Amino acid sequence: MTQKHTILIVGGAGYIGSHATLAFNDAGFETIVYDNFSTGHRDTCFGAHLVEGDLSDTAKLEKTLRHHDVDCVVHFAALIEAGQSVLTPLPFFHNNVAGTLSLLTAMQNASVDNLVFSSTAAVYGNTAQAPLLHEDMARAPINPYGASKVMVEMMLEACAQSHGLSSIALRYFNACGADPAGRTGERHTPETHLIPLVLQTALGHRPNIAIHGTNYDTPDGTCIRDYVHVLDLASGHVAAVKQLLSSSCAGFTPINLGTGQGHSVRDVIHAAKAITHTEFAVIETARRAGDPAALIADASKAQHILGWQAEHSQLDEIISHAWSFQKDQDPGTQH
């Protein structure tokens, strides 16, 4: 890359955004992190120029884009908890949809025409008729979180038609793992993701881990997910930006980031017990609203268009890296 391109990473202080910031730095990009720190962390901007601001502040976004002569935007800033979206949907539509409308308006005003958007496998809903989910399937979300991402994808499609926005929507599956060097990892408050909850239980910070539903149409009755290491997701975003900046990916392009392999909730718990050498209590509870039975990616399009495939997403590697990070964050652990 002869020219040093400038990337605006919206939500770059969050879990996936912080790993992406490291990856973009390593790839030689000039990085600008834009975050309101509602869920992100100031110590995970890693040398990027920091702009503190809200997604709804269109004027500040436009000023940031112009001042830094941004070439491409990477958009991570979203509320992500599917179960919570069923209980309180309006904040999800306000932040995820209206917030993205603000960002797209700022981009259009500043004549920035490249965007990588963090979408989700939740756009597919409970698509049980196919073993692997591919990008040509109908979008049929079963919770407001997934619906909010579909709405954004529809906006991106419309903007491609109206004024030539080039965007890639990376529909990634279950993000997990942590930076092997311990620089960043999952620190959600409250935590809702399975792997860190299991590891918190192994550390003794939780009395048990709950399995929400054991009567799904899956081999062991528990939900199956395609777990993707956050390092692989970060490299996918770098590949997507390079593709947009090469002008070889015009219009709106949805791309799955996954492994094509699924693991059940019980699989994750068994693997965590083996890696942590810890026995902990497991309880079985009722299903949660909005949980599809299985979400597994067909990732062939990512390999074809981006030259990307998962390299760190074996379940043992994911849990080992997450376990190291959780122990480093635990004040009660001897180092």
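Start by selecting residues 58-67 and 89-109, which are helix H2 and helix H4. The two helices pack at an angle of about 40°, and their axes are 8 Å apart. Axes here are lines fitted to C-alpha atoms, for helices over the stretch in contact, and angles run from 0 to 180 degrees between N-to-C directions. Helices (H or I, at least four residues) and strands (E, at least two) are DSSP runs, numbered from the N terminus.

The angle makes H2 oblique to H4; angles under 35 degrees count as roughly parallel, over 145 as roughly antiparallel, 65 to 115 as roughly perpendicular and the rest as oblique. Their crossing is right-handed, a term for the near helix being turned clockwise from the far one by less than a right angle.

A word on what you are viewing: this is a predicted model, in which local features need pLDDT of at least 70 and side-chain atom pairs count only at pLDDT 80 or more, while totals for chains, interfaces and linings use all residues. Residues are numbered from 1 along each chain as its sequence is written, and side-chain values use heavy atoms, with hydrogens and water left out.

Now show the side chains where the two helices touch. On the H2 side, pick Thr58, Leu61, Glu62, Leu65 and Arg66; on the H4 side, pick Ser102, Leu103, Thr105, Ala106, Met107 and Asn109. Contact means heavy atoms within 4.5 Å. Colour this set by type and you get five nonpolar, four polar and two charged residues. In this scheme Ala, Val, Leu, Ile, Met, Phe, Trp, Tyr, Cys and Pro count as nonpolar, Asp, Glu, Lys and Arg as charged, and the others, Gly among them, as polar.

Stay in H2 and select threonine 64. Is this residue buried or exposed? Threonine 64 is buried, with a relative accessible area of 6%; buried means under 20%, exposed over 50%, and partly exposed in between (1.4 Å probe, protein chains only). Setting aside residues up to four places away in sequence, threonine 64 touches Leu8, Ile32, Tyr34, Val51 and Val70.

Next, step to aspartate 69, in the loop between H2 and strand S4 (72-75). Its phi is near 50°, a positive value in a residue other than glycine. Aspartate 69 is exposed, with a relative accessible area of 58%.

For a second stop of this kind, go to histidine 277, in the loop between H8 and strand S13 (282-285). Phi of histidine 277 is near 55°, again positive in a residue other than glycine. Histidine 277 is exposed, at a relative accessible area of 72%.

Now select residues 194-202, helix H6, together with residues 315-329, helix H10. Their packing angle is about 55° and their axes are 10 Å apart. That makes H6 oblique to H10, and the crossing is right-handed. The contact is made by Ile195, Pro196, Leu199, Gln200 and Ala202 of H6 and by Ile318, Ile319, Ala322, Trp323 and Gln326 of H10. This set divides into eight nonpolar, two polar and no charged residues.

What surrounds H6? Nine of the nine residues of H6 are buried, so the helix is largely enclosed by the rest of the structure. They pack against strand S7 (174-176), strand S8 (209-212), strand S10 (227-229), helix H8 (265-276) and H10. Just after H6, look for glycine 204, which takes a positive phi of about 90°.

Move on to leucine 231, in helix H7 (residues 230-245). Leucine 231 is partly exposed, with a relative accessible area of 22%. Leaving aside neighbours within four places in sequence, leucine 231 is in contact with His19, Pro180 and His312. Draw a distance from leucine 231 to histidine 312: the two are 81 residues apart along the chain, yet their C-alpha atoms are separated by 7.0 Å.

Finally, zoom out to the whole protein, with its 10 helices and 14 strands. The C-alpha atoms fill a box of roughly 55 × 50 × 35 Å, taken along the principal axes. Buried residues make up 55% of the 335 residues. Of the contacts with a separation of 6 or more, 77% are between residues 24 or more positions apart.
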